[in-house]
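Have a look at the picture first, then read on.

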There are 4 protein chains.
Amino acid sequence: MNNKQEKIYSFKNDYSEGAHPNILQALAETNAEQQAGYGQDDYSKRASNILRKEVQDENSDIHFVSGGTQANLIVIASILKPYESVIAADTGHINTHEAGAIEATGHKINTVATKNGKLSPEKIEALLEQHTDEHMVKPKLVFISNSTELGTIYTKRELSELYSFCKANDLLLYLDGARLGSALCSSKNDLSLAELSNLVDVFYIGGTKNGALCGEAIIINNDDLKDDFRFYLKQRGALFAKGRVLGIQFVELFKDDLFFSLAEHANAMADKLSQNIAGLGYEFLTETNSNQLFPIFPNTLIDKLSEKYSFHIWSEINNQRSAIRLVTSWATKEEMVDRFISDLEKYSTYN
Amino acid sequence: MNNKQEKIYSFKNDYSEGAHPNILQALAETNAEQQAGYGQDDYSKRASNILRKEVQDENSDIHFVSGGTQANLIVIASILKPYESVIAADTGHINTHEAGAIEATGHKINTVATKNGKLSPEKIEALLEQHTDEHMVKPKLVFISNSTELGTIYTKRELSELYSFCKANDLLLYLDGARLGSALCSSKNDLSLAELSNLVDVFYIGGTKNGALCGEAIIINNDDLKDDFRFYLKQRGALFAKGRVLGIQFVELFKDDLFFSLAEHANAMADKLSQNIAGLGYEFLTETNSNQLFPIFPNTLIDKLSEKYSFHIWSEINNQRSAIRLVTSWATKEEMVDRFISDLEKYSTYN
Amino acid sequence: MNNKQEKIYSFKNDYSEGAHPNILQALAETNAEQQAGYGQDDYSKRASNILRKEVQDENSDIHFVSGGTQANLIVIASILKPYESVIAADTGHINTHEAGAIEATGHKINTVATKNGKLSPEKIEALLEQHTDEHMVKPKLVFISNSTELGTIYTKRELSELYSFCKANDLLLYLDGARLGSALCSSKNDLSLAELSNLVDVFYIGGTKNGALCGEAIIINNDDLKDDFRFYLKQRGALFAKGRVLGIQFVELFKDDLFFSLAEHANAMADKLSQNIAGLGYEFLTETNSNQLFPIFPNTLIDKLSEKYSFHIWSEINNQRSAIRLVTSWATKEEMVDRFISDLEKYSTYN
Amino acid sequence: MNNKQEKIYSFKNDYSEGAHPNILQALAETNAEQQAGYGQDDYSKRASNILRKEVQDENSDIHFVSGGTQANLIVIASILKPYESVIAADTGHINTHEAGAIEATGHKINTVATKNGKLSPEKIEALLEQHTDEHMVKPKLVFISNSTELGTIYTKRELSELYSFCKANDLLLYLDGARLGSALCSSKNDLSLAELSNLVDVFYIGGTKNGALCGEAIIINNDDLKDDFRFYLKQRGALFAKGRVLGIQFVELFKDDLFFSLAEHANAMADKLSQNIAGLGYEFLTETNSNQLFPIFPNTLIDKLSEKYSFHIWSEINNQRSAIRLVTSWATKEEMVDRFISDLEKYSTYN
């Protein structure tokens, strides 16, 4: 459970630490004010205005929730009719790690097998061709994540083609941005936040994994999806009594581009790990594009590393080697990255 | 929406301010630590141990969620089979102000009309007699809140009789403690937290309305209700990635009985308001037992008060008079209570 | 359970016998034909065309299902968004005798207390005024039954006013016609089937309680409610593989107005019972308008009658007297009605 | 839609005709009797007793519903807790052709890829290993069909191994017997109805596809799954008012082994088609074991056959050839089978 005691450092995820100090300071400074409840406070309004500027759409509807699974189940349940389904990569978070949250709202997830966690028009088209009548569900929504659960990201061209395909096929496009900061700050990225926002019907910007205590900002661009959204928030238990807590955090995250500089640090730490691991001749499960990397190590090496460091063992490659997941964040200490690298070099000589 | 600008003070609810300073300080002091995610951090464990001592049951299962509606829908959905229903007072929060959250999990709420928001064995018995076969739902769970939505509280005798009745009739008892602190610190209360805990199958202790930024502690005493509860939390989007945020808050709330002293302040402010209002000859919709009071004022007086103060107009008594709801909290300033009273005296002379 | 052995006759309900012989004959005559499945057979199409003529709307969408609860849950679930509710009389079948079928689809039923089982604009308006924001469900659909669960019926004026009110308040109107035949053939009725159809958005015509083996015809008049309805039927397990079985029955029921003549017989038997019971000086819980009557008898008399006849004891009036429910049908034998009356006269002399 | 007019014969499915004449005769003979409603009639009880003898378990609970999707969604929803999932072959009916009926009850279907539509312990074990904590659903139920959607059947050894695996892994086993008659009468079958019943927790015997107008018999053998099942039936709209209609049909189907002789005819017709098709040198998608066969024909030949015969084009093999599905039934006319074969021979000479 708790890494702190046994290990010297954790690369297990990007939510091991608290929040960026600016956020705690802002919470303290505004603490005594009386504010309206349930997201109707000044700070939630201010954060919404800031984000509308960021996405360059003054008509976007913006709502704040406390976590990603909550955002996913509410957005999806608000869009689909009872017989409609959502299409996702088989590695999609909603399909694998949300305990059936989407199905619990009554909807089927149609999955598509992928190598890199990314969906393409071709894969979706094949699925649509199978769904021809009322004996099957009717696919209506496409779910993607950027960065994906495998650390890959969408290029401007890929996202444009996907969105065009959706529009041409009466499908809606939803992007899970739990790790959007890292995606947008990737050296491989060619999308601005505003450009990305313009290429989806609805998405969310993840705060929890990029410096907030909690909080995701749902951005609804498609007018058809805006009505009565607050009813969905309330019905699913997502309407925070002290909505100010979420609003204040996003005000701070987007002050002086803090959100982006935090993500840049996470990516820099990931790149440093990735380059040094590659330099030692190790391969990766997927190309490192963001703050998650998936190096493939001998199991004996993984055992050694596990004595000092926390990380997930992602998948077995063969009975000798496995892929592990290393995750960096806004809070990752470079000295610990260096230490991991030097330990890796040391252990590697034994292999 | 925002009271701050137009009014001088809000008695609208008990979540207008942030958190008690101790909580913000603890969040800051622990901020840099790496902790396990999803409620498996040291602080959530520590808070659970503290609460097990408070309820004097070392076998209680304890889970932290961010809000009351979330707690209610998850607890209720985790207990009931698809054809089973929950019994509640018609004024119960789950029946009136949760946007159909319980029904959205598939369950009917059987309501009972009450004057004071409290359930009794007699009222439940009459309802059970109507439910005789598979053409109707099967009532299985009783939902009560303490303090109730009308500010009333349960006595030890009332709760004991209700729990005995439930056991005798194969019903389970769940208590919504959104305002439990105020109830337990009421001058009319004769229940300790441990005694109350021993008289229900499951309940939650409200933090949001008593000094926390967010957070409710679900206490499961009945062994039959403990298995796999974390699946329900995850499936409903309630498992906080940074569960430490909830754990730390409850550690602080129950350090040196802070939770109770905060509630005592709220009650003291309510009593002061109540006594002075009564002193001016006004009646109340219900007896003031906790931090919510429901004075009945002439509509002209309500209009005058509304110019300076925020509060809910609760219900129309006749075309001349209405009941309003005044709510005090851990953060209510006594000077503002005094000011409200003096304004009330001033305006009352005109009537 | 089984009345046949102990009793000489049952007035318990209107589905104790099989089907009108014409229906069985038609099933036999068409039995060998190969027909398309799932309601796309010739007979379902023919029945739909016949019913479109009956309701005088060539654009009505018509679907056949096997029972009333199935019709109710599918129609309601197809109309409401997750946070929307349906308004019904507290005596409404969906609220009392469908085992939570509507809530199981995720929707709250907002109930209104009534004396005679009928809804009025006034009662609905009061309920709408309480539902002001996203903390509560949003009432969207009004459910009524004709005849009602208390045997009463709606007049043309009442239904017109109700429908106008719904339109003016952005509400939809759904009528449960499980006993529509008896309502339309009531001596008190002033509505034609076409007029009634024109005053609701969607309704169903009950076959099961008026001469069919099984089957209800859902008539959708409002264009907004027509799309993809077959998906809802399939998803809820209501799409009959041999849809011909339902289609053939409705073709027969509406051949030579059989549907209406069967209902007229049921009403005639009810009127005979009602007049003779009244003649003996007994009162009724509600006025007898259709094939259900609710006489109030001394409990001692009820015990005597129970030895020979099956019926429901509906409600206790006081500790001396109770209301029972007598139901007649297309199959009720007049000789048994006469026998019940003579027994009643005999037993009454003793009281 | 309707094949009758354009084609000379349909091999599209096994529910194109009505019911076996014995059933219609029994409905007529019992039509005038007064019987209790909702499955508590004499005939439903008699049918239950007959089936308990057939499965040789006097404690089995037996319920009758009108169709397979209804049976599947009710049984599965009655077994699973909200976070539990059902495991099925990717070709399983619940996964492909029930319009999301299972997900609409809130449950995820975990799918396993198969070649022949059959599940094995190995495939399930691999899936269980991936489901380790509360971030994922908890697989609890295994769904199989016999015969499968690809016409294959389970041997005694296969079913025994699967059931043992389920028991060893705290999984329950449910068998969809929509085409159970054909499976049990297959020349490849080595299971008796009683043996099969003894190797599953719950299953249903399909009547609709083997001579009934409508009706499936759900057999619950596992005591843990029996309580309150009628509540589930009512809540899902599956409790027939005139339950006698279902009971009478199963009494007739199991009189003098009619159920089995009807299935034997269907299989004989399938075997005749299969052998002659093979004799002409054509291959099949799967081995023909029951009343569904999947020959692979040139697309040009399929076009020719389509002019006279109705059938489903199942899947594309390459751009030259496709697999079609031919289905025989209790009502299939041997002369039409012979005609299809002679036409096939004729057309084949052209290829």
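This is a predicted model: local features need pLDDT of at least 70, side-chain atom pairs count only at pLDDT 80 or more; totals for chains, interfaces and linings use all residues.

Residues are numbered from 1 along each chain as its sequence is written, chains are lettered from A and ligands numbered from 1 in the order in which they are written, and side-chain values use heavy atoms, leaving out hydrogens and water.

## The sheet in chain A

Let's start with chain A, where 7 strands make an open sheet in the order E2-E8-E7-E6-E5-E3-E4, with mixed pairing. At the edges stand strand E2 (61-65) and strand E4 (109-112) of chain A, each with a single partner strand, so one side of each has no neighbour in the sheet. From one strand to the next, the twist averages 25 degrees. Helices and strands here are DSSP runs (H or I of at least four residues for helices, E of at least two for strands), numbered from the N terminus, and two strands pair if DSSP finds at least two bridges between them.

Zoom in on strand E5 (residues 138-145) and strand E6 (residues 172-177) of chain A: they pair in the parallel sense over 5 bridges. Ser145(A) sits opposite Asp176(A) in E6(A). Lying across E5 and E6 of chain A is helix H8 (residues 156-168), which runs at about 145 degrees to E6(A). Contact means heavy atoms within 4.5 Å; angles run from 0 to 180 degrees between N-to-C directions, with axes fitted to C-alpha atoms, for helices over the stretch in contact.

## The sheet in chain C

Chain C has an open sheet of 7 strands too, in the order E2-E8-E7-E6-E5-E3-E4 and with mixed pairing. Its E2 pairs with strand E8 (residues 216-220) of chain C in the antiparallel sense over 5 bridges, and there the bridge partner of His63(C) is Ile218(C). Helix H7 (residues 121-130) of chain C lies across strand E3 (84-89), E4 and strand E5 (138-145), at about 130 degrees to E4(C).

## Where chains meet

How can chain D be laid on chain C? A turn of 180 degrees and a shift of 0.0 Å along the axis does it, with an RMSD of 0.0 Å (superposed by least squares on the C-alpha atoms of residues with pLDDT of at least 70 in both). That's the relation of a two-fold axis. Both copies use the same surface, as 100% of the contact residues of chain D recur in chain C.

Here are the two interfaces.

| Interface | Residues in contact | Buried area | Polar contacts |
|---|---|---|---|
| Chain D and chain C | 51 residues of chain D, 52 residues of chain C | about 4,500 Å² | 26 residue pairs |
| Chain A and chain B | 52 residues of chain A, 52 residues of chain B | about 4,500 Å² | 25 residue pairs |

Buried area is the accessible area (1.4 Å probe) that two parts lose on being put together, summed over both. A polar contact is a pair of N or O atoms within 3.5 Å; within protein, one must be able to donate a hydrogen and the other to accept it, and residues adjacent in sequence count only if both atoms are side-chain atoms.
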